[in-house]
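What follows is a guided reading of one model, taking up charged pairs, then aromatic rings, then pockets. Please keep the sequence and the structure in view while reading.

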Amino acid sequence: MASNTSLEFDKVIAVCKSLFLKKTKDYGTAWRILRPSSITDQIFIKAQRIRTLEEKKVSKVGEDIGSEYIGIVNYCIMAILQLELSENEPTDLPVNITEQYYDAKVKETKDLMFAKNHDYGEAWRDMRISSLTDLILMKILRVKQIEDNEGKTLASEGIKANYQDMLNYSVFALIKLDVG
């Protein structure tokens with residue numbers, strides 16, 4: 001069966017976005033109070049839990065790996081928004097504005113994914129999900145180091161590009177898990 005990465009990506013994002021918007025209706029945009037470094041730590045917790053579940057094969061909380069990857073997608077969107085929204089933006093954003101921001105960041109990230117897929121082919125399709133988890137953990141460590149260096153890099157892509165990569169790796173994992 002031929003793959004349709006664009007359609008698969010959109011289906012996964014629809015699941016992630018639906019949860020994001022439901023939580024926005026429940027809680028508002030309380031996440032706006034978080035510093036990007038705190039969001040990085042939330043992504044780390046989720047990725048570390050995925051790795052633990054992959055190794056132990058048992059969940060005592062009931063949430064599966066798929067729900068954790070969905071969380072990473074949504075936290076990456078929050079992180080990118082926190083990097084780009086000015087301090088003058090209100091903390092409490094209306095749901096419709098939040099949805100527009102979400103869609104814009106997903107589009108940018110999907111465009112990046114297609115540019116990289118052009119160069120790498122769809123190598124991710126032949127990867128293990130556990131390797132995607134490890135790549136996310138590596139990207140988190142990179143982001144933490146860049147944050148500790150106050151955003152300065154000598155030869156590396158910046159924080160936003162790392163969040164976008166983590167988002168795309170999570171979408172790939174969700175595609176492989178057949179979520180959507």
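A salt bridge is here a side-chain nitrogen of Lys or Arg within 4 Å of a carboxyl oxygen of Asp or Glu. The model is predicted, and by this rule the count comes to 17 salt bridges. Among the residues concerned, Glu84, Lys105, Glu108 and Lys160 are linked in a network of salt bridges. Lysine 105 counts as buried, at 9% relative accessibility, whereas glutamate 108 is partly exposed, with a relative accessible area of 32%.

Other salt bridges reach between separate elements. Lysine 17 and glutamate 99 form a salt bridge with an N to O distance of 3.0 Å; because lysine 17 lies in helix H1 and glutamate 99 in helix H4, the pair ties together parts that are 82 residues apart in sequence. Lysine 17 is buried, its relative accessible area being 17%, while glutamate 99 counts as partly exposed at 28% relative accessibility. Lysine 139 and glutamate 157 likewise meet through their side chains in a salt bridge, at 3.1 Å from N to O. Here lysine 139 belongs to helix H5 and glutamate 157 to the loop between H5 and H6, so the pair ties together parts that are 18 residues apart in sequence. The relative accessible area of lysine 139 is 4%, and the residue is buried, whereas glutamate 157, at 33% relative accessibility, counts as partly exposed.

The structure holds 3 aromatic pairs. In one of them, the ring centres of phenylalanine 20 and tyrosine 102 are 4.7 Å apart with the planes at 45°, so the pair is tilted. Since phenylalanine 20 lies in helix H1 and tyrosine 102 in helix H4, this pair ties together parts that are 82 residues apart in sequence. Both phenylalanine 20 and tyrosine 102 are buried, and ring pairs link Phe20, Trp31 and Tyr102 into a cluster.

Tryptophan 124 and phenylalanine 172 also form an aromatic pair, which is stacked, with 4.1 Å from centre to centre and 5° between the planes. This pair links distant parts of the chain, for tryptophan 124 is in the loop between H4 and H5 and phenylalanine 172 is in helix H6, 48 residues apart. Tryptophan 124 and phenylalanine 172 are both buried. Elsewhere, a charge meets a ring: lysine 144 lies over the face of phenylalanine 44, at 4.6 Å from the ring centre.

By class, the lining of the largest pocket divides into 9 nonpolar, 5 polar and 4 charged residues.

The second largest pocket has a volume of about 310 Å³. Its lining comprises 14 residues, of which Lys116, Asn117, Tyr120, Tyr169 and Phe172 are the closest to the centre. Helix H4 (95-120), helix H5 (129-148) and helix H6 (159-176) each supply at least two residues of the lining of the second largest pocket, which has 8 nonpolar, 3 polar and 3 charged residues.

Note on methods
Residues numbered from 1 in each chain as written. Predicted model: local features only at pLDDT ≥ 70, side-chain atom pairs only at ≥ 80, totals over all residues. Heavy atoms only, no water. Nonpolar A, V, L, I, M, F, W, Y, C, P; charged D, E, K, R; others polar. 1 Å grid on protein atoms, 1.4 Å probe; cavity = no way out; pocket = protein on both sides within 12 Å on 5 of 7 lines; lining within 4 Å. Points joined across faces, edges and corners; volume = space filled by probe spheres on them. Helix = DSSP H or I, 4+ residues; strand = E, 2+ residues; numbered from the N terminus. Buried < 20%, exposed > 50% of the residue type's maximum accessible area, 1.4 Å probe, protein only. Phe/Tyr/Trp six-rings, centres within 6.5 Å; stacked < 30°, edge-to-face > 60°. Lys NZ or Arg CZ within 6 Å of the ring centre and 35° of its normal.
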